[in-house]
Amino acid sequence: MDTIPAKTIVTRTKSSSWFGTEYNMNIYKGCCHGCIYCDSRSACYGVEDFDRVRVKENALEIIARDLRRKVKPGVVGTGSMSDPYNPFEKELELTRHALELLDAYGFGVAIATKSDLITRDIDILSQIREHSPALAKITVTTADDGLCARIEPHAPPSSRRFAAIAALSDAGIYTGVLLMPVLPFLEDSEENIGKILRLSKESGARFVYPGLGVTLRYNQREWYYQKLDELFPGQGLREAYEKRYGENYRCAVPRVKTLWAYFRRECERLGLLYEMTDIIRSYRLGYEGNQLRFF
Ligand code: SF4
């Protein structure tokens, strides 16, 4: 695998409003899961050849040095611009060793992934939660493995992600679902949302955090539309998007208010959290006495 130079890997976040994380960490650059809607493909991020995964040189040494230099421990988020559990991680084990470093230096972690490879590291996540919050966020956008194979072609299917949620939850790791994006005209039915919520609950998820729509911008929009043409020929999806959203960045699903009301009603009926402040408060419960302070 190609490597890229890096000066620092664990960086301070501008705000802790996104799942209460104080730091961010990306060991890999690029992602090969192939999600057709991936925002990280946008021109503004400047990641060339996005589907090719590269690893940062001397990543573990840099992470250890970064952690030693932090004045205060905190929760380190990972998984925002590339999936930390890409297929190469199985052999490289860099995410695993980075978790060991977070554990050793007394940091918490919040992982976002689409891969059930995260269950391999339940042992270290369990060690982290002895002293700091350990949060697993598994992204699921469709309950249908067939649709999943088309729109997220190289990521494990949704059914395996629900199995991962069950394994993590059974092990006592605070786990929930990122229900984002919800693709207009493809995933925005009450049937899909309702099934994801039911399966989340049955798997032991504590929350489902939604994004009822998709973001589209320069570079990534055209990629997404080409994929819609290829994967759903004759369905007029590109035309429907162009007509409804034009050049908009935020593209909320049609009938967003109705779908939001349904989503909220179902979450409350099933006992799933869905507001960010509630999720942060809940997963951090019991750690307030530590050095970590978010509120
Ligand atoms: S897993 Fe995340 S980073 Fe990777 S292609 Fe999919 S949306 Fe992009």
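## Helix α11 and its cover

In this predicted model, helix α11 spans residues 276-284, and its buried residues are M276, I279, I280, S282, Y283 and R284. Among the elements that cover these buried residues are the strands β6 (75-78), β8 (134-139), β9 (174-179) and β10 (207-210). Just after α11 comes G286, with a positive phi of about 95°.

## Nonpolar cores

The largest nonpolar core has 56 residues. Within this core, M25, I27, I63, L99 and L102 touch the most other members. Leaving aside neighbours within four places in sequence, M25 is in contact with I9, V10, I63, V76, G77, T78, G79, A98 and L102.

In soluble globular proteins, nonpolar side chains tend to be buried together.

## Around the ligand

Which residues are around the ligand? They are C31, H33, G34, C35, C38, S82, D83 and K114. Sorted by class, this shell has three nonpolar, three polar and two charged residues.

## The annotated domain

An unreviewed UniProt entry lists residues 17-255 as "domain: Radical SAM core". In the model, this span is 37% helix and 17% strand, and its end C-alpha atoms lie 27 Å apart.

## S200 in helix α7

Helix α7 covers residues 190-203, and S200 is found in this helix. Is S200 buried or exposed? S200 counts as buried because its relative accessible area is 0%, under the 20% cut-off.

The side chain of S200 reaches the backbone oxygen of I196 at 2.6 Å. Apart from neighbours within four places in sequence, S200 has contacts with F162, V177, A205 and V208.

## Backbone details in loops

The loop between β9 and α7 contains P181. M180 and P181 are joined by a cis peptide bond, with omega about -5°.

Positive phi values also occur in F19 and in D49, each a residue other than glycine. Phi is near 55° for F19, which has its place in the loop between β2 (10-12) and β3 (23-25). For D49, phi is near 50°, and D49 lies in the loop between β4 (28-29) and β5 (54-56).

Terms used: Residues are numbered from 1 along each chain as its sequence is written. This is a predicted model: local features need pLDDT of at least 70, side-chain atom pairs count only at pLDDT 80 or more; totals for chains, interfaces and linings use all residues. Side-chain values use heavy atoms; hydrogens and water are left out. A residue is near a molecule or strand if one of its heavy atoms lies within 4 Å of it. Ala, Val, Leu, Ile, Met, Phe, Trp, Tyr, Cys and Pro count as nonpolar, Asp, Glu, Lys and Arg as charged, and the others, Gly among them, as polar. A nonpolar core is a set of buried Ala, Val, Leu, Ile, Met, Phe, Trp, Tyr and Cys residues joined through side-chain atoms within 4.5 Å. Buried means under 20% relative accessible area, exposed over 50%, partly exposed in between (1.4 Å probe, protein chains only). Contact means heavy atoms within 4.5 Å. UniProt positions are given in the numbering used here, feature names are shortened, and annotations may be inferred rather than shown by experiment. Helices (H or I, at least four residues) and strands (E, at least two) are DSSP runs, numbered from the N terminus. A polar contact is a pair of N or O atoms within 3.5 Å; within protein, one must be able to donate a hydrogen and the other to accept it, and residues adjacent in sequence count only if both atoms are side-chain atoms.
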